[in-house]
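This report describes two contacts between chains. The structure is shown first, and the text then takes one contact after the other.

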Number of protein chains: 8
Amino acid sequence: MSKEKPLVSIIMGSDSDLPVMRSAMDVLDKFGISYEVKVSSAHRTLDRTVEYTRTLDKRGLKIIIAGAGGSAHLPGVAAAATILPVIGVPLASSPLKGLDALMSIVQMPGGVPVGCMGIGESGAANAALLAVRILALEDDKIKKLLIKYIEDMSKKVVEKDKQLQQQITKK
Amino acid sequence: MSKEKPLVSIIMGSDSDLPVMRSAMDVLDKFGISYEVKVSSAHRTLDRTVEYTRTLDKRGLKIIIAGAGGSAHLPGVAAAATILPVIGVPLASSPLKGLDALMSIVQMPGGVPVGCMGIGESGAANAALLAVRILALEDDKIKKLLIKYIEDMSKKVVEKDKQLQQQITKK
Amino acid sequence: MSKEKPLVSIIMGSDSDLPVMRSAMDVLDKFGISYEVKVSSAHRTLDRTVEYTRTLDKRGLKIIIAGAGGSAHLPGVAAAATILPVIGVPLASSPLKGLDALMSIVQMPGGVPVGCMGIGESGAANAALLAVRILALEDDKIKKLLIKYIEDMSKKVVEKDKQLQQQITKK
Amino acid sequence: MSKEKPLVSIIMGSDSDLPVMRSAMDVLDKFGISYEVKVSSAHRTLDRTVEYTRTLDKRGLKIIIAGAGGSAHLPGVAAAATILPVIGVPLASSPLKGLDALMSIVQMPGGVPVGCMGIGESGAANAALLAVRILALEDDKIKKLLIKYIEDMSKKVVEKDKQLQQQITKK
Amino acid sequence: MSKEKPLVSIIMGSDSDLPVMRSAMDVLDKFGISYEVKVSSAHRTLDRTVEYTRTLDKRGLKIIIAGAGGSAHLPGVAAAATILPVIGVPLASSPLKGLDALMSIVQMPGGVPVGCMGIGESGAANAALLAVRILALEDDKIKKLLIKYIEDMSKKVVEKDKQLQQQITKK
Amino acid sequence: MSKEKPLVSIIMGSDSDLPVMRSAMDVLDKFGISYEVKVSSAHRTLDRTVEYTRTLDKRGLKIIIAGAGGSAHLPGVAAAATILPVIGVPLASSPLKGLDALMSIVQMPGGVPVGCMGIGESGAANAALLAVRILALEDDKIKKLLIKYIEDMSKKVVEKDKQLQQQITKK
Amino acid sequence: MSKEKPLVSIIMGSDSDLPVMRSAMDVLDKFGISYEVKVSSAHRTLDRTVEYTRTLDKRGLKIIIAGAGGSAHLPGVAAAATILPVIGVPLASSPLKGLDALMSIVQMPGGVPVGCMGIGESGAANAALLAVRILALEDDKIKKLLIKYIEDMSKKVVEKDKQLQQQITKK
Amino acid sequence: MSKEKPLVSIIMGSDSDLPVMRSAMDVLDKFGISYEVKVSSAHRTLDRTVEYTRTLDKRGLKIIIAGAGGSAHLPGVAAAATILPVIGVPLASSPLKGLDALMSIVQMPGGVPVGCMGIGESGAANAALLAVRILALEDDKIKKLLIKYIEDMSKKVVEKDKQLQQQITKK
């Protein structure tokens with residue numbers, strides 16, 4: 001994690017969500033984007049979550065990533081307490097495998113938007129990448145890294161394909 | 001609505017939810033239980049909802065009924081802001097017909113309970129009836145009315161059956 | 001389990017449901033609320049379940065918690081046989097992972113309310129906590145414990161957050 | 001409805017279910033199988049439903065058809081109170097369009113079987129036809145009518161096809 | 001398996017379904033009801049399945065139990081090829097955990113009934129128990145065994161409850 | 001409908017499915033591909049459906065399009081009775097809005113493939129278009145028409161866009 | 001629509017999606033944010049959609065809002081062709097009422113993020129509001145308008161509540 | 001894999017999909033049908049996927065099999081870029097177990113057909129078998145092998161049944 005002033009806040013209701021949300025942190029690390037991580041529950045520490053969220057805009061943070069499972073209220077509560085863009089990550093922590101969290105996050109009422117990602121780790125990584133895309137709008141360094149990231153991702157697919165072709169030919 | 005000090009608070013995020021939530025009001029009226037109704041959104045007026053909910057215990061109210069559709073956060077936010085029992089009513093106001101609201105309300109994390117009812121009008125009526133059952137624990141007048149209500153409900157089924165039998169015999 | 005006169009009845013259809021329902025027992029134990037546990041099936045021992053449920057009000061119990069999986073009829077049958085408030089816990093004991101039990105419990109017809117909790121262990125714990133909230137309405141000792149429980153829960157989140165911040169700083 | 005001693009009992013929780021359950025009555029009428037119809041709720045008149053169901057075997061009835069919507073407990077409660085075969089019909093009376101009733105009826109625990117039909121009118125008709133198939137096992141008159149019914153059904157498809165071919169050729 | 005003339009045919013599309021369907025066999029064994037088991041697919045051996053099903057009525061069998069997963073057509077195809085009552089068991093053999101099989105079996109069109117059971121082993125056991133209930137209509141020996149089976153099942157619940165009470169008291 | 005030897009067979013279980021399946025006929029008409037339409041049920045006229053399907057390969061037809069709702073067995077039964085490619089169209093004719101038919105058609109067991117389309121009219125149209133793509137593999141006239149069809153479809157989108165731009169500019 | 005250089009591109013696959021997507025346009029109009037609207041399909045005009053999307057970054061647009069129903073590929077294809085943030089709106093245009101579109105849009109693979117909104121009109125409005133939140137990060141005029149918008153939304157709830165209270169008091 | 005000119009292209013977005021898609025390769029190998037395998041993502045390498053797909057018709061390939069999980073856009077994008085028939089295989093690679101991929105693949109808009117298979121391995125095998133059925137239309141050698149394949153499949157069922165009968169008799 002960069003020591004600079006953080007631009008992104010990653011919130012989760014419980015530290016048990018950390019292993020999944022780490023995918024978001026890993027992506028931001030790759031882009032050298034500083035972030036802060038907060039364990040704060042929409043239910044168990046509602047006031048603290050609201051107060052914390054309220055500080056973010058003033059403290060210069062730009063984007064909130066909130067991960068939650070079950071009745072996943074954290075992203076929606078954050079969106080209600082800030083004017084910053086909020087990105088929600090549904091976690092598959094209940095027997096319904098994240099379908100509950102997905103519906104809780106994505107079906108926000110008109111007026112209070114949350115950008116919902118896919119369930120679990122790839123959703124957490126994509127939350128960070130959406131943050132990167134947003135930050136790249138005004139930061140050419142990030143933009144260049146993003147273009148490179150996308151190219152590398154593309155190259156990796158091509159590389160995997162090449163390996164597969166060799167594997168098949170050898171047989 | 002009775003003029004007495006209210007015992008139940010019925011909250012909804014939008015006045016468009018009123019026609020469905022009226023089923024709860026009608027039931028409480030039948031039992032002579034005073035209540036107050038509040039339009040306050042978990043998203044559009046988060047602080048106000050939290051502050052309002054916080055007053056309820058001190059003001060002597062005993063039960064909160066909260067109806068919400070889509071990413072239905074209102075019952076959960078209320079439950080996080082009070083120690084009173086909260087009863088949630090999922091509303092079928094989105095294309096997913098209340099399945100989204102049901103999941104948002106029922107899958108609360110351990111520690112912050114919401115008693116979830118069925119979707120829509122019969123759920124709203126049942127929310128009031130669960131409130132009645134709770135209040136009947138310490139109020140013999142309500143308890144007697146509840147016993148009568150259940151008997152009447154039962155009699156109505158028997159009456160409907162009698163009508164059906166006559167209808168069939170006549171044919 | 002306290003030796004006092006029980007206030008809560010925890011019913012389940014099979015002793016295989018005990019490991020999940022124990023979460024409810026643990027919560028009640030924490031609050032010193034005495035309860036009784038009953039294995040009685042809505043299907044295999046219908047009469048016994050109805051008769052047992054009928055005694056609860058007279059015997060001074062106040063709340064029923066019923067856990068069931070699949071075609072989860074136990075909470076509804078209990079609600080039909082008593083005037084006490086009934087809290088239902090859907091169990092994930094079938095291949096549909098509790099979605100079936102959730103629908104069976106939550107979609108009760110108007111007139112016979114069941115307060116439905118989330119699926120599985122956290123739902124069972126919350127069932128007990130909703131019982132605690134109801135009992136706290138008339139019992140200041142329980143109310144004080146409830147306020148403390150909620151504060152402790154909140155402190156634990158703050159503590160976890162502190163640990164996370166240290167962990168991150170050390171890196 | 002035949003005036004003979006009834007062989008089939010058609011139960012429903014509310015007379016509002018009658019229009020759908022009439023499909024079952026119509027089928028039994030076609031086969032000259034006498035039946036009785038009962039409005040009795042698993043929730044609002046639990047005892048009466050159980051008592052009524054208990055008489056059926058002794059009174060010589062052979063099959064129970066039970067229709068229910070939402071938390072559809074009627075077929076399961078009937079199956080728990082009798083040794084007769086019970087056929088359940090999920091009704092689409094809630095916003096979930098019968099998916100809730102289907103899960104409540106079909107996912108019965110081992111030991112207490114209910115044969116679940118499709119949702120709504122065609123399910124109700126099929127409930128009667130399954131009853132016919134069961135009664136045909138020991139009644140040659142019904143068996144002959146069943147064979148004819150199936151042949152007629154088949155002929156009707158062939159006839160419809162013929163009409164379609166003519167329609168197409170004319171064009 | 002009894003050596004007598006079989007009364008029930010248990011069909012499955014693949015021998016991989018045998019472990020689940022064995023629950024049905026075990027139940028019939030307990031009742032001394034003779035049965036035959038057939039591996040025959042609605043898709044891979046359609047003609048054979050139809051021909052086999054056609055023989056059952058003439059050969060004196062009375063009930064067909066058909067288990068199938070995925071696009072579970074076996075029960076429906078059997079029902080189309082016989083006048084005997086058909087009981088379907090959805091198997092959780094695909095990633096959709098039997099929801100697909102359930103819908104394929106239960107939503108039969110009007111005219112061709114299949115009595116659908118719950119998903120998996122308890123559904124298979126219940127299929128056999130529904131067959132027992134049907135056969136008990138005309139066989140007093142089976143009827144007595146069925147009454148005893150239900151009583152034993154009930155006693156087992158009571159016994160488990162007793163054990164639980166002792167366990168709790170000891171603590 | 002072209003008077004030539006038919007290449008495609010469109011089967012449906014009931015003439016009530018005709019309005020939806022007509023979308024398939026309309027597409028084939030546009031391509032001048034001759035087809036035949038058959039009302040034949042997998043359940044009500046199983047033998048006839050199997051026999052009819054068996055003739056298709058010998059009679060020179062190349063593709064089968066089968067539309068069905070609910071427990072939609074028709075495409076699967078057709079696929080079991082032929083070596084021709086079978087395309088299935090789930091119909092939204094039950095309260096479950098085609099989700100049942102979709103699962104019944106798409107989840108075929110390994111060995112007997114059915115190419116499943118989307119639910120309802122656009123699915124029926126696409127069934128015909130998949131048939132067109134298959135027939136275009138060996139028929140240059142159809143291939144040219146297909147390329148033109150795709151170009152026209154594309155042009156229509158561009159045209160609609162142009163209209164939209166003008167509409168917006170005028171305002 | 002403002003005559004200034006557009007900042008947001010609203011894409012939809014068909015002009016039949018316009019009535020729903022207009023909610024997004026209305027929101028942007030309120031904020032004086034210029035946008036362009038494009039009818040371009042991910043399937044019928046894939047190249048055109050890709051090419052169009054590719055120009056957006058260079059032409060100075062900052063955010064893409066893409067609405068789509070059924071197999072809703074438009075947002076994902078746009079996200080694959082640009083480095084701009086993409087917001088997807090699932091439309092309820094199929095019998096599955098947008099559940100299909102929701103899953104198609106939200107479950108993007110790691111690497112290519114789409115911020116998914118709720119189904120239908122309120123989702124479209126929220127897409128625009130998320131765009132506003134993003135643009136407000138670097139534009140104080142928009143930020144002020146956003147703060148006012150949120151305040152007005154909040155006031156409207158309070159106003160509605162006041163009206164409700166008067167209505168109730170009058171009775 | 002045959003060294004001949006390939007007739008089928010098997011595309012997947014990631015080499016992690018290979019173990020499932022190998023079922024398709026195995027089937028084609030059995031029929032001596034040459035194919036090529038390509039790792040190319042609809043999202044990470046959109047242009048490459050479109051360009052690759054565009055070559056297939058000209059290079060003489062006849063059928064495309066595309067496997068994808070989550071927001072499974074690969075089959076739809078392929079179908080938009082070619083006039084060849086496209087067969088889609090939903091993969092159970094997300095917590096939603098392939099239900100998301102199924103909906104993304106099957107609900108294609110009118111005009112751009114994809115033949116959707118079942119989820120996972122048996123779906124992949126069936127994709128190859130549908131390709132075989134299509135190729136058999138114009139290739140008598142493949143047709144003969146297909147007839148034999150179907151006969152063998154049928155024989156295997158009969159053989160499994162024989163083994164089961166012996167197993168039962170021995171007991």
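Across the interface of chain G and chain A, 23 residue pairs are in polar contact, both residues being at pLDDT 80 or more. A polar contact is a pair of N or O atoms within 3.5 Å; within protein, one must be able to donate a hydrogen and the other to accept it, and residues adjacent in sequence count only if both atoms are side-chain atoms. On the side of chain G that touches chain A, the elements giving two or more residues are helix H4 (99-106), strand S5 (115-116), helix H5 (121-136) and helix H6 (140-170) of chain G. Helices (H or I, at least four residues) and strands (E, at least two) are DSSP runs, numbered from the N terminus. H5(G) gives the largest share of this side, six residues.

This is a predicted model, in which local features need pLDDT of at least 70, side-chain atom pairs count only at pLDDT 80 or more, and totals for chains, interfaces and linings use all residues. Residues are numbered from 1 along each chain as its sequence is written, chains are lettered from A and ligands numbered from 1 in the order in which they are written, and side-chain values use heavy atoms, with hydrogens and water left out.

The two interfaces are set out below, with contact meaning heavy atoms within 4.5 Å. Buried area is the accessible area (1.4 Å probe) that two parts lose on being put together, summed over both. A salt bridge is a side-chain nitrogen of Lys or Arg within 4 Å of a carboxyl oxygen of Asp or Glu.

| Interface | Residues in contact | Buried area | Salt bridges |
|---|---|---|---|
| Chain G and chain A | 38 residues from chain G, 38 residues from chain A | about 3300 Å² | four salt bridges |
| Chain D and chain F | 16 residues from chain D, 16 residues from chain F | about 1400 Å² | three salt bridges |

Carbon and sulfur atoms give 64% of the area buried between chain G and chain A. G:Ile83, G:Pro113 and G:Arg133 supply 21% of the area that chain G buries against chain A, more than any other three residues. One salt bridge joins G:Lys62 to A:Glu138, with the closest N and O atoms 2.6 Å apart.

Between chain D and chain F, carbon and sulfur atoms give 67% of the buried area. Here F:Asp15 forms a salt bridge with D:Lys160, the closest N and O atoms being 3.6 Å apart. Helix H6 (residues 140-170) of chain D supplies eleven residues, the largest share of the side of chain D that touches chain F.
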